[in-house]
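This report covers charged side-chain pairs and a surface pocket.

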Amino acid sequence: MEVARVPFFISDIFAGFAKIHGIMIVTPEQLIFEYQMSDNVFGAISGKIAKRAVGYGELAAVESATGFFKPRLIFRAKGLETFSKFPHRDPSLFCIRVSWKNRKLIKPALAEIGLNLSFAEADRFRERIASPQDGES
């Protein structure tokens, strides 16, 4: 079940020669990033549409920051594998920008993501309590 959709872009891929336009889809189980890369010079060459999913258990934090006219969302991963297949410089961090006209979509999406991160952390904590540690009876 889809809860929220936020259109996004990344303009500084491959030293500014490529850009990405996509949609972040918030579901109760995971975040889905659907995007397409195109060249930043002419805008005529576009790649295939890619779809990547990130589970809430893989995220350490999600925060928003207000840039100059362009708000952004910053996703911090627990490990380097999480964003390794994303077209981005830092594998432990994924930053997307949201256009000014779509800024009102950020707040409800962040609230849902925060709630789902809390549920994932509670599930992890519950599993740790339910399974006895080595050496305990």
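Arg-126 is exposed, at 52% relative accessible area (exposed is over 50%, buried under 20%, partly exposed in between; 1.4 Å probe, protein chains only). Its partner in a salt bridge is Asp-123, at 3.0 Å from N to O; a salt bridge is a side-chain nitrogen of Lys or Arg within 4 Å of a carboxyl oxygen of Asp or Glu. Asp-123 is partly exposed at 36%.

The model is predicted: local features need pLDDT of at least 70, side-chain atom pairs count only at pLDDT 80 or more, and totals for chains, interfaces and linings use all residues. Residues are numbered from 1 along each chain as its sequence is written, and side-chain values use heavy atoms, without hydrogens and water.

The structure holds four salt bridges, among them these:

| Pair | Closest N and O atoms |
|---|---|
| Glu-63 and Arg-76 | 3.3 Å |
| Arg-124 and Glu-121 | 2.4 Å |

Glu-63 lies in strand β5 (residues 59-66) and Arg-76 in strand β6 (residues 71-77), 13 residues apart. Arg-124 and Glu-121 are three residues apart in helix α1 (residues 106-130). Helices (H or I, at least four residues) and strands (E, at least two) are DSSP runs, numbered from the N terminus. A network of salt bridges links Lys-78, Glu-121 and Arg-124.

Strand β1 (4-13) and strand β7 (93-97) each supply at least two residues of the lining of the largest pocket (an open set of points on a 1 Å grid over the protein atoms alone, where a 1.4 Å probe fits, with protein on both sides within 12 Å along at least five of seven lines; lining residues have an atom within 4 Å of a point). The contribution of β1 is the most, at five residues.
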